[in-house]
Structure formats: structure tokens, C-alpha cells
Amino acid sequence: MFDSIASDYDRFNALASLGLHHHWRRALLRRVPTSARILDIATGTGDVAFLAARSGHAVVGLDFSERMLETARQKDTKGKVRWMNGSADKLPFSDRSFECVTSAFALRNLRGCLEAVFKENHRVLRNGGKVLHLDFGRPKSALSRWGHRVHLNFGVPLIGQWVCGERWPKGYLERTIQEFYEPNQVAELLVKTGFTDVKATPLTFGVVQLFEGTKK
């Protein structure tokens, strides 16, 4: 599925998020430790990885979709990021290899193995390292919920089909957002897998959640 939409992924993100995806990713980057070695899991076309590299961090971008990685490599004209094919629940790195693990809008796609993903996050982090994960949420206020539902059920499918045509995975994005864990459940999983100072921060009225934790 991700291979098939890789060439249009950036354009879809910009339109479907109304340009807010830049704001959300910058909010994540502001919490990254200084001069960190970062692993960006499910990196996709590399937006978080590129932001981190431009901020002076050493970055590895990992994804299981080779087409997504091809798009990221094409964008990386200066070779700022190390790109690798791999799975987030079985990371091909030794223990304590990174100061920070990040992702943007990946956790929903990893719902079935999320505890294993967080265990791997913990394993490859050095003591004092941080996890920082962005993903879509469900707003709490009635007005925000209504606007979010309208955009998700009508706006997003129209944009997806306009940008990707028949390659658009109909219903997938909407379903994974509606079926994903509540923020407190994600936080509980982070605690269960060994993280401390865990919190979930809502962005844009809760449309997006930023999850973070520390390995002591």
C-alpha cells in the first residue's frame, strides 16, 4: 500500500493536513536532545529525518517500504541522512545506539505490534535517551470533533482520490484513526515497556498527539 502511493505521499500530506504537518513536526523536533543521534522509524519520505538533519543531528531513517525510501533518497541530494530498509518491531541495531527515537504518523500502522515496537525503542536507546512519536488523535470538544469528522470522512477521501487516483487506499486512514488507542493507553504502553516521564501532548485541539518518554 505504501509503495503504491510513495510518489504522491508528500503532496497528499500537505493538502490533507492543510499545511499543518510542518507545525506538528517542528513541535516534535523542539523536544529532541541537543546533538542527538536519531533513529526515525517508519520514516516514509523522510520529513522528520530531514528536519532533524538540518538541525545538526545525525539521523538514520528506517522504513519497510522500499518505494518510500527511494523517494526519500531522491530528495536527499546532499546525503545528509542514512536510509535503511527494516521493520520497527525488529530493529537492525545494537543496544544503546541512539539518543532519540522518533516517528510521525506511524504508530497507528503498527498498532498490532506496538508493545514490541516500544520495547525495541527502549533497547536501542542509551540511558537518558528519549522517544518522540507523533500520531493522529480524536479531538475532545464537540465542535472540534465535528470539524474533524467532516474533514476525515469527506475531505480526506476526496483529496486522497484526487492526488492518488485508484491507488488511494480507501477507508484506511479514517479507520486507523478511529480505531487507534486513546492517548492514555499509548502512554501506559510506554510505561509498561520501561519509559519514565511519559506524557501525551495534544496539538491543534487534539487532532494530533505528541507522545514522549525517557529511558533512565
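Does F180 count as buried or exposed, and at what relative accessibility? At 5% relative accessibility F180 counts as buried, a class that covers residues under 20% relative accessible area, with exposed meaning over 50% and partly exposed in between (1.4 Å probe, protein chains only). This is a predicted model, in which local features need pLDDT of at least 70 and side-chain atom pairs count only at pLDDT 80 or more, whereas totals for chains, interfaces and linings use all residues. Residues are numbered from 1 along each chain as its sequence is written, and side-chain values use heavy atoms, with hydrogens and water left out.

A search of the whole structure finds six aromatic pairs, where rings of Phe, Tyr and Trp (its six-membered ring) pair if their centres lie within 6.5 Å, and planes under 30 degrees apart count as stacked, over 60 as edge-to-face and the rest as tilted. In one of these pairs, the ring centres of W24 and F136 are 6.2 Å apart and the planes stand at 90°, so the pair is edge-to-face. Because W24 lies in helix α3 (residues 21–29) and F136 in strand β5 (residues 125–136), this pair ties together parts that are 112 residues apart in sequence; helices (H or I, at least four residues) and strands (E, at least two) are DSSP runs, numbered from the N terminus. Both W24 and F136 are buried, and together with F105 they form one aromatic cluster.

The rings of F180 and Y181 have centres 5.6 Å apart and planes at 50°, so this pair is tilted. Y181 is partly exposed, with a relative accessible area of 22%, and the charged end of R111 sits over the Y181 ring, 4.2 Å from its centre. Such a placement requires NZ of Lys or CZ of Arg within 6 Å of the ring centre and within 35 degrees of the ring normal. R11 likewise lies over the face of W162, at 4.9 Å from the ring centre.

Turning to helix packing, the axes of α7 (residues 142–164) and α8 (residues 172–179) come within 9 Å and cross at roughly 155°, the axes being lines fitted to C-alpha atoms, for helices over the stretch in contact, with angles from 0 to 180 degrees between N-to-C directions. That makes α7 roughly antiparallel to α8, since angles over 145 degrees count as roughly antiparallel, under 35 as roughly parallel, 65 to 115 as roughly perpendicular and the rest as oblique. The contact (heavy atoms within 4.5 Å) is made by H148, L152, N153, V156 and P157 of α7 and by L173, E174, I177 and Q178 of α8.
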